[in-house]
Amino acid sequence: MRILIVEDEKSLAGLMEQTLKQHGYAANVVHNLADARAALTQPFDAIISDRRLPDGDGLDLVKELRTQGNGVPILMLTALGMPKDRVTGLEAGADDYLGKPFSLFELIARIKALLRRTAGAKGLQLEAGNVVLDTLHDTVKIAGKSALFGKREVVLLRHLLQRAGEVVGKDVLEQALYGNTNKEEGGDSRNALEVAIHRLRKLLETNQASLEIITVRGVGYMADEIKAA
Ligand code: CA
């Protein structure tokens, strides 16, 4: 799940990026419309965009995308208490509005709701081997059966499945699990990551998953399908 953040207030953009990553989303940040247009040559699952940007109105980006037939879900950020802005935004094709200042909890709730709404019947699932992760409800099925996974294991699994067959860096996984607030306790969190990976492996094994977590020494971990012999 990759989300583009278009916001010129750099500290706010950074906070949003960090929060999204902690919730298992991949996020890219740009600070103006020109960079947003360049970034959008790649597909995104959702866009969060400010309106007042240094090189124009975020609403113009919405209009452009809709004109091109691009239906990517868009959450607009705007100054609070401007119902008129809200209406013009929705008319231009934005899917939802969040007034500034907002809480990061609400941002995540809105993004989840937006993705759920726009996903429709197709659902949002990550799959590898016989493992299916429903990213909206954070539930795991292995070989068609529900498996009970802890919150941390789900977050790890989500990151690993998003890039199945590729190495995901330890720092990325640590950040996803613990944020980067405990820099001084780096040693502890590293150990904690290993413990969480161990638990994830156990869960996969117990549930007879055809998926394994491979350790790439000094770099990170990789989820890979176990091919039948
Ligand atoms: Ca702005």
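**Pockets, a metal site and a hairpin**

Guide: This is a predicted model. Start with the second largest pocket: its lining takes at least three residues from each of domain 1 (2–122) and domain 2 (125–225).

Visitor: Which helix gives the largest share of that lining?
Guide: H6, with five residues. H6 and H7 are the elements that give two or more.

Visitor: How do the residues of that lining split by class?
Guide: Four are nonpolar, two polar and five charged. Among the lining residues are Lys112, Asp138 and Arg158.

Visitor: And what is the volume of the largest pocket?
Guide: About 330 Å³. Its lining has 17 residues, and those closest to the centre are Arg2, Ala26, His159, Gln162 and Arg163. Here H7 supplies the largest share, four residues.

Visitor: New topic. What coordinates the calcium ion?
Guide: Asp8, Asp50 and Arg52, at 2.1 to 2.4 Å. Asp8 sits in the loop between strand S1 and helix H1, and Arg52 in strand S4, so the pair ties together parts 44 residues apart in sequence.

Visitor: Is Arg52 buried or exposed?
Guide: Exposed, because its relative accessibility is 59%. Asp8 is at 29%, so Asp8 counts as partly exposed.

Visitor: Last one. Which side chains of strand S8 are buried?
Guide: Leu126 and Ala128, which point to one face.

Visitor: What does Leu126 pair with in S9?
Guide: Its bridge partner is Leu133. S8 and S9 run antiparallel, with four bridges. Two residues lie between the strands of this hairpin, where Gly129 takes a positive phi near 60°.

Methods: Residues numbered from 1 in each chain as written. Predicted model: local features only at pLDDT ≥ 70, side-chain atom pairs only at ≥ 80, totals over all residues. Heavy atoms only, no water. Donors = N, O, S within 2.8 Å, 3.2 Å for Na, K, Ca; no water. Buried < 20%, exposed > 50% of the residue type's maximum accessible area, 1.4 Å probe, protein only. Pairing = 2+ DSSP bridges. 1 Å grid on protein atoms, 1.4 Å probe; cavity = no way out; pocket = protein on both sides within 12 Å on 5 of 7 lines; lining within 4 Å. Points joined across faces, edges and corners; volume = space filled by probe spheres on them. Nonpolar A, V, L, I, M, F, W, Y, C, P; charged D, E, K, R; others polar. Domains from an automatic or database assignment.
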